[in-house]
Amino acid sequence: MILKKEGGTYRACFSLLEALDLGERRDVRVCAAGAGGKTTLLKRLASEYKERGIPAVVTTTTRMYAEDDPRFLLEPSPAKMREILEREGVVFLGKKDRNGKMKALEKEWMQDILDLPFPVLIEADGSRRLPVKVPGEAEPVFPEETTHVVYVYGMSALGRSLEEICFRPERAAALLGRRRESLVEEADIARLAGHPLGGRKSVRDAWPFTVVLTQADRPGRLEAAERIGLLTGEQVLIC
């Protein structure tokens with residue numbers, strides 16, 4: 001179940017498609033950025049599309065992990081892509097990279113993907129699987145065709161130092177006016193989420209923007225996530 005902030009309270013949603021107001025749209029280009037958990041989020045979204053009989057492509061504009069999975073295709077082959085989509089309902093596309101990862105497709109192949117008549121779900125930056133991320137100078141990488149942006153934060157960050165749990169802790173400390181050794185508080189995540197150099201970096205006004213708070217399944221974390229959601233003016237989902 002997902003909780004969606006509505007005003008000063010939360011409403012339960014039973015799918016990401018419902019929570020993100022996507023319905024059964026096929027023209028979406030959803031970019032996920034931020035902390036660890038982006039791939040899991042996009043997999044869930046792709047699975048929901050599959051359940052509705054809508055094929056989906058998952059890819060990256062930077063790098064993501066390439067799994068030993070028949071749904072992953074690490075070469076530009078429209079025929080193989082169609083074959084996987086027909087068989088699996090979803091395909092993960094990229095170019096083989098080092099350390100078990102895949103990287104962004106060549107520009108021409110990526111444009112072909114973005115022109116497809118069904119959803120494309122894009123991992124737009126990396127995080128080394130840490131629960132808090134502050135973008136670098138060249139991140140996130142959002143295509144012109146982007147229609148929606150989701151930005152992920154993990155609730156396991158609370159009570160731990162920025163240095164321990166943040167990708168680019170020096171940038172986070174500077175944005176928050178704190179030290180790298182400072183323990184992460186609820187207000188810190190709320191501030192980073194809406195900061196123009198944090199969660200909002202490179203997000204255009206025309207793109208619906210949603211903060212997703214994950215790892216809220218441990219005792220006390222759900223209540224903390226609800227408080228964080230109410231501290232920020234952004235649309236928030238808790239899962």
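Three bridges join strand β5 to strand β9 (residues 101-103), and the two run antiparallel. One such link pairs R63 with K103 in β9. Strands here are DSSP runs of E with at least two residues, helices are runs of H or I with at least four, and both are numbered from the N terminus.

This is a predicted model, where local features need pLDDT of at least 70, side-chain atom pairs count only at pLDDT 80 or more, and totals for chains, interfaces and linings use all residues. Residues are numbered from 1 along each chain as its sequence is written, and side-chain values use heavy atoms, leaving out hydrogens and water.

The open sheet has three strands in the order β5-β9-β8, with antiparallel pairing. Two strands pair if DSSP finds at least two bridges between them. β5 (63-65) and β8 (95-96) are the edge strands, each pairing on one side only.

Helix α3 (residues 78-88) holds I84. Beyond its neighbours within four places in sequence, I84 is in contact (heavy atoms within 4.5 Å) with residues including P70, F72 and V91. The C-alpha atoms of I84 and F72 are separated by 8.5 Å.

Now the cysteines. A disulfide is a pair of cysteine sulfur atoms within 2.5 Å. The whole structure has zero disulfides. For C239, the nearest cysteine sulfur is that of C13, 11 Å away.

Buried means under 20% relative accessible area, exposed over 50%, and partly exposed in between (1.4 Å probe, protein chains only).

| Residue | Relative accessible area | Class |
|---|---|---|
| C166 | 3% | buried |
| I84 | 6% | buried |
| C239 | 28% | partly exposed |
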